[in-house]
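Please find below a colleague's note on the structure, arranged as numbered points.

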Amino acid sequence: MALRINDTELHAIDAHSHLGRRKSPLGHGVASFLGEDLVRNLDEAGLDRAVAFPLGAPYTDYSEANQVMAEEVAKYPKRIIGFCRINPNFGPEATATSLEHCLGKLKLKGIKLHPEIEFFDPNEAELMEPIYDAARRYRVPIIFHTGMSSKASPGVIAELAARHTDVPVILGHMGVSEYVKLAVAVARQHENIYLETSVVGWMPLLLEAFRGVGSGKILFGSDHPYNPLPMEVEKIAKHVAKAAKLKQDDLKKVFADNLLAILNQDI
């Protein structure tokens, strides 16, 4: 499997997708989306792999969802890179225990946090320190949802991220729209902060990101299944590539190499 752009085949990984089950649809109407569904859609879009984390569901500690994630990764180990999802509101001790289980026993490869759905402050040190500590020990990244509320502002997230320079921090959606300029600024200021492209739909903001931090700090993501994979692929591979005059090496970084470096993995 390879993504073809201008007659060139690239290894391509989606850095932002979801899978799992929940009792009722939330937000975008998805209640069940599992590994089989994700892999089928990856094949249709020409993508090799995807980072996936559990579907959002408030008032849960995600223990069941993280177990489902590990089970789906086991079915498709060469296609799905599983991240756990954490709700810090259950307290530092519960967070530390959950992360030891997810990163140690389940061997998941990263941590997803959503300050808006889980409604917590990502700069509250007491809640966040166990997460940064576990990410450091297991050498995994943290990806935050950013945008749509002040709790998910890149500037708020950067307050603690800047103090943990050895932990890669990915700004999912790079602020969506209203916070993109701020996301670009903090990624430019801090070596350990990266931007991810899903959801951002206005070309001037996407170009500002590429011009502001360069292709070496940007990851392709889709937010699938909430967004169609082909739409997000074409956004970067066709429209941004042309407008930003991206070369093949730039596209390789955005579609795979940057993420693989963060994950300490090879193709």
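The points below concern the model's basis, a helix pair, the nonpolar cores and a strand pair.

1. The model is predicted; local features need pLDDT of at least 70, side-chain atom pairs count only at pLDDT 80 or more, and totals for chains, interfaces and linings use all residues. Residues are numbered from 1 along each chain as its sequence is written, and side-chain values use heavy atoms, with hydrogens and water left out.

2. Helix α7 (residues 203-213) packs against helix α8 (residues 229-243) at an angle of about 75 degrees, and their axes are 10 Å apart. The two are therefore roughly perpendicular (65 to 115 degrees). Axes are lines fitted to C-alpha atoms over the stretch in contact, with angles running from 0 to 180 degrees between N-to-C directions.

3. From α7, M203, L206, L207, F210 and R211 meet K235, H239, V240 and A243 of α8 (contact: heavy atoms within 4.5 Å). The residues of this contact comprise six nonpolar, one polar and two charged.

4. The largest nonpolar core has 72 residues, of which I111 and L195 touch the most other members. Such a core joins buried nonpolar residues (under 20% relative accessible area, 1.4 Å probe, protein chains only) through side-chain atoms within 4.5 Å. Another core, of 15 residues, lies apart from it and includes I13, I81, I143 and Y194.

5. Strand β10 (residues 169-172) is covered on both faces, with V169 and L171 buried on one side and I170 and G172 buried on the other. Strand β9 (residues 142-145) pairs with β10 in the parallel sense over four bridges (pairing requires at least two DSSP bridges). G172 in β10 is the bridge partner of H145.

Terms used. Parallel < 35°, antiparallel > 145°, perpendicular 65-115°, else oblique. Nonpolar A, V, L, I, M, F, W, Y, C, P; charged D, E, K, R; others polar. Buried < 20%, exposed > 50% of the residue type's maximum accessible area, 1.4 Å probe, protein only.
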